[in-house]
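The sequence and structure come first.

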Amino acid sequence: MNLLVLATGGTIGSAAGAGGIDADGSRTPLLLQMYRARYGGDVRFTPRQICTLLSENADRAFYETLLAALFAAMAEPFDGVIVLHGTDTLPFTASLAAMACRHFTKPVCFVSSVFELCDPRENGVSNLRAAVRYIEAGGAGFVVPFGQAGGECRVHLATRLLEADPFTDDFASAGAPAAVVAGDEVRFARSADVPDRQTLRRPLPALFAAPPRLPGRVVLLRCFPGMCPQASAVSADTAAVLLWGYHSGTAPQRLTRFVKQVQAAGAAVYLAPVKRAPRQYASTNALLESGARPLYALSAPAAYARLLLAYAQTADAPESAAQRTLYYEEVPAHS
């Protein structure tokens, strides 16, 4: 099996130094050496260091570099792609890549580590092993294998990955994971809520014929008690603002004034997550009545990725494109 490894930095590609833990390009060969020493096997890795940065420093240029590398890999004879990435912004990157490259026919696994490789608590090597086994077992699509030391590894659908818990450093899915890897055994989900392997193998219609240039005009504001932003804080070239609300699909009702001001300045305002429910909270209704556009049944990182792509494409009005499911990101409601 021949796998392309796109290294971007992150903790899995970092080393401790005088200034703290920082990205280090020499870590990628070390990761592959550690994998060989632990697991052996006949997997062929082709590593490419496309950038070297901590994922909290990811920006538009980073995303465009990664998407260009993924588009190039589509025409190459690899059985799958491994993207080495940091944990801090992994839900954003994984969602964006899955949506932008949804016509990709090869499995793409995002692999990360809680600790740098020379720390005995690292889980980067075992996560890489889970990615290899997932691909060997016929797994498909854009996924994120991530396991805690000594435990099973859950394989999350890229667009349903939630932020890591800040205390346990573990990841969870919005809904069920796509698979679980225990030892070397891969158990695929048997839930109607998760697309199966056959579905993930089928390429979706391409959004872009070439790697897209992303807009720098989508602003993400995370809600907190007492927040009172001013429309003047949003730059004149902003096309869209995403309000990252609370789990109930709510946000501070006082934001109705802000929504109207931003709209008057020519930008659209969106709210996520919002539940598909027969009745919303009064605060949510007030925001929607003021003009905020709901993005139903998806996480805020997935909503942000969808907006970036909606405002990057030109085939349709961005406001219409923003309402379309791109890569299985909408989570079915609980029964």
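Valine 180 has arginine 187 as its bridge partner in β10. The model is a predicted one: local features require pLDDT of at least 70 and side-chain atom pairs pLDDT 80 or more, while totals for chains, interfaces and linings use all residues. Numbering starts from 1 along each chain as its sequence is written, and side-chain values use heavy atoms, with hydrogens and water left out.

**Strands and sheet**

Helices (H or I, at least four residues) and strands (E, at least two) are DSSP runs numbered from the N terminus, and two strands pair if DSSP finds at least two bridges between them. Strand β9 (residues 179-182) pairs with β10 (residues 185-188) in the antiparallel sense over four bridges. With β8 (residues 153-157), β9 is antiparallel over three bridges. Two residues separate β9 from β10 in a hairpin, and glycine 183 in its turn has a positive phi of about 65°. Elsewhere, β5 (residues 80-84) and β6 (residues 108-111) pair in the parallel sense over four bridges; leucine 84 is opposite valine 111 of β6.

These strands belong to an open sheet of eight with mixed pairing, in the order β4-β1-β5-β6-β7-β8-β9-β10. The edges are β4 (44-53) and β10, each with a single partner strand, so one side of each has no neighbour in the sheet. On average, neighbouring strands of the sheet are turned by 20° against each other, direction ignored. Helix α1 (residues 27-39) lies across β1 (2-9), β4 and β5, and runs at about 145° to β4. Such angles run from 0 to 180 degrees between N-to-C directions, with axes fitted as lines to C-alpha atoms, for helices over the stretch in contact.

**Cores**

A nonpolar core is a set of buried Ala, Val, Leu, Ile, Met, Phe, Trp, Tyr and Cys residues joined through side-chain atoms within 4.5 Å. Buried means under 20% relative accessible area, exposed over 50%, and partly exposed in between (1.4 Å probe, protein chains only). The largest core has 93 residues, and Ile82, Phe110, Tyr134 and Phe142 have the most contacts inside it. Helix α8 (residues 300-310) supplies the largest share of this core, nine residues. A second, separate core has 17 residues, among them Val234, Ala251, Phe258 and Leu287.

Contact means heavy atoms within 4.5 Å. Leaving out residues up to four places away in sequence, isoleucine 82 touches Leu3, Leu4, Val5, Leu6, Cys109, Val111, Leu128, Ala131 and Ile135.

In helix α6 (residues 255-264), the buried residues are Leu255, Phe258, Val259 and Val262. They lie on the same side of α6 because they cover an arc of only 100° around the axis, the arc being that of the directions from the helix axis to the C-beta atoms. An α-helix has 3.6 residues a turn, so residues three or four places apart point the same way. Arg257, Lys260 and Ala264 are exposed on the other side of α6. The cover over the buried residues of α6 includes β11 (218-222), β12 (240-244), β13 (268-274) and α7 (282-289).

The buried residues of α7 include Ser283, Thr284, Ala286 and Leu287. Their arc around the axis is only 160°, which puts them on the same side of α7. Exposed Ala282 and Glu289 are on the face turned away from that buried side. The buried residues of α7 pack against α6 and β13. Glycine 266 follows α6 with a positive phi near 100°, and glycine 291 follows α7 with a positive phi near 120°.

**Cysteines**

How many disulfides does a search of the whole structure find? The number is zero, a disulfide being a pair of cysteine sulfur atoms within 2.5 Å. The sulfur of cysteine 101 is too far for a bond, because the closest cysteine sulfur, in cysteine 109, is 14 Å away. For cysteine 153, the nearest cysteine sulfur is that of cysteine 109, 9.5 Å away.

| Residue | Relative accessibility | State |
|---|---|---|
| Cysteine 101 | 0% | buried |
| Cysteine 153 | 7% | buried |
| Cysteine 118 | 53% | exposed |

Cysteine 118 sits in the loop between β6 and α4 (124-136). Apart from neighbours within four places in sequence, cysteine 118 is in contact with Arg27 and Leu30. Its C-alpha is 9.8 Å from that of leucine 31, although cysteine 118 and leucine 31 are 87 residues apart in sequence.
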